[in-house]
Amino acid sequence: MIERTGRLGRKLRWRLAEDRGAATAEYAITILAAVGFAGLLVALLKGDEVKALLADLVHRALSGG
């Protein structure tokens with residue numbers, strides 16, 4: 001039983017050591033996705049139709065109905 005635990009411990013340490021750069025890569029991918037999504041939102045919000053829709057929505061919200 002002790003030998004098996006030792007082997008399992010070594011395997012677990014090896015797996016954890018193998019993933020050292022994974023967090024950095026995940027953060028980089030998340031940031032790239034967020035920047036892409038922000039760019040898409042900016043492109044959509046610059047359109048006249050979206051501006052009119054948002055202005056109408058704000059006008060209705062402030063006028064009470």
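**Reading burial, helices and charge in a predicted chain**

Modeller: Before we take up single features, note that in this predicted model buried residues make up 0% of the 65 residues in the chain.

Colleague: How many helices and strands does the secondary structure of the chain come to, and which pattern does the chain follow along the sequence?

Modeller: The chain has 3 helices and 0 strands, and, when it is read along the sequence, the pattern is α-α-α. Its accessible surface comes to about 6,300 Å², with 68% of that area belonging to carbon and sulfur atoms.

Colleague: What span does helix α3 reach, and what is expected for it?

Modeller: The general idea is to set the span from first to last C-alpha beside the value expected at 1.5 Å a residue. Helix α3, which covers residues 48–63 and has 16 residues, reaches 22 Å, close to the 22 Å expected. Just after α3, Gly 64 takes a positive phi of about 90°.

Colleague: Why does α3 lie largely in the open?

Modeller: Burial is judged by relative accessible area, and a residue counts as buried under 20%. Of the 16 residues of α3, the number buried is 0, so the helix lies largely in the open.

Colleague: Which residues gather in a patch of positive charge on the surface?

Modeller: A residue needs over 30% relative accessible area and no salt bridge to be part of a patch. Here the patch of positive charge is formed by Arg 7, Arg 10, Lys 11 and Arg 13. Of these, Arg 10 is found in helix α1, residues 2–18, and Arg 10 is partly exposed, with a relative accessible area of 49%.

Technical notes
Residues numbered from 1 in each chain as written. Predicted model: local features only at pLDDT ≥ 70, side-chain atom pairs only at ≥ 80, totals over all residues. Heavy atoms only, no water. Helix = DSSP H or I, 4+ residues; strand = E, 2+ residues; numbered from the N terminus. Expected span 1.5 Å × (residues − 1). Buried < 20%, exposed > 50% of the residue type's maximum accessible area, 1.4 Å probe, protein only. Areas by Shrake-Rupley, 256 points an atom, 1.4 Å probe, with all protein chains shown as cover. Patch = residues over 30% accessible without salt bridge, like charges linked within 9 Å, V, L, I, M, F, W, Y side chains within 5 Å. Salt bridge = Lys/Arg side-chain N within 4 Å of Asp/Glu carboxyl O. Lys, Arg positive; Asp, Glu negative; His and termini not counted. Charge placed at Lys NZ, Arg CZ, Asp CG, Glu CD.
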